[in-house]
Amino acid sequence: MPGKLFLIPNVIADATQENVIPHSVKERLKSLRLFLVEDIRTARRYLSSLKVIESIEVLDFKVLNKDTQPSELAELLHPALTGNDMGVISESGCPCIADPGALAVAYAHQHNIQVVPLVGPSSILLALMASGLNGQRFAFHGYLPIDAKEAANVIKELERESKMRSQTQLFIETPYRNNSILDHLLNSLSPTTLLSIALDVTGGHESIKTKSIKDWKAEKPSFAKQPAVFSFLAV
């Protein structure tokens with residue numbers, strides 16, 4: 001009988017373990033010894049910080065990242081196929097949301113390995129919750145194109161879809177590009193479109209604000225290099 005594949009949430013802001021990782025997750029971790037992780041060093045540090053495993057040295061980590069090929073999954077998940085429980089840990093937040101852990105989960109479903117998602121923080125859902133935008137119809141689009149012209153075209157197309165479907169559009173960005181992405185949004189979106197910007201969600205410098213493009217332009221901020229979730233709704 002196959003083991004189970006547990007999806008282990010990680011923090012999305014430093015030193016927030018006590019506030020955002022539930023006790024039930026910590027209890028489950030006590031019995032797990034096999035993990036698929038994006039980066040072994042940071043995964044070891046994260047598990048150590050939870051102080052629920054007596055010795056990190058007894059744990060077995062294998063890398064599952066954006067470079068993992070489908071042909072490698074059989075070997076990576078062999079322990080689960082032979083009856084051992086395994087955990088998947090993302091670098092940030094919940095596994096499989098904008099995360100390569102989805103590869104392991106897809107394989108698990110194909111081979112009758114039970115998948116067990118555990119509760120934890122998701123910057124995308126928390127940002128949506130706090131935005132005041134449409135939470136019944138929304139779409140997450142990952143990252144915008146780096147090229148300014150391509151980014152502008154995508155933003156305008158997403159705005160048209162948002163207007164037509166009353167759909168909130170969400171995406172994330174690398175912290176050092178926050179200000180350039182804000183420029184693209186202010187230059188491409190209509191004045192009445194509502195834009196929500198969530199910075200450092202759950203962290204010590206958390207800021208979540210929703211304004212019209214017109215109002216953002218009137219008082220344009222300059223953002224620090226912090227993790228951000230952007231969302232907008234054309235009204």
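Glutamine 226 is buried, at a relative accessible area of 17%; buried means under 20% relative accessible area with a 1.4 Å probe, protein chains only. This is a predicted model, in which local features need pLDDT of at least 70 and side-chain atom pairs count only at pLDDT 80 or more, while totals for chains, interfaces and linings use all residues. Residues are numbered from 1 along each chain as its sequence is written, and side-chain values use heavy atoms, with hydrogens and water left out.

Look for glutamine 226 in the loop between helix H10 (213-218) and strand E10 (228-233); helices (H or I, at least four residues) and strands (E, at least two) are DSSP runs, numbered from the N terminus. Leaving aside neighbours within four places in sequence, glutamine 226 is in contact (heavy atoms within 4.5 Å) with Pro175, Asn178, Leu199, Asp200 and His205.

Now move to helix H8 (residues 148-165), where you will find serine 162. Serine 162 is buried too, with a relative accessible area of 0%. A polar atom of the serine 162 side chain lies 2.9 Å from the backbone nitrogen of alanine 234.

Finally, which residues line the largest cavity? They are Leu34, Phe35, Leu36, Asp60, Lys62, Leu76, Pro79 and Met86. Strand E2 (34-37) and strand E3 (60-63) each give two or more residues to this lining, and the largest share, three residues, comes from E2.

How values were computed:
Buried < 20%, exposed > 50% of the residue type's maximum accessible area, 1.4 Å probe, protein only. Polar contact = N/O pair within 3.5 Å; in protein donor to acceptor, adjacent residues only side chain to side chain. 1 Å grid on protein atoms, 1.4 Å probe; cavity = no way out; pocket = protein on both sides within 12 Å on 5 of 7 lines; lining within 4 Å.
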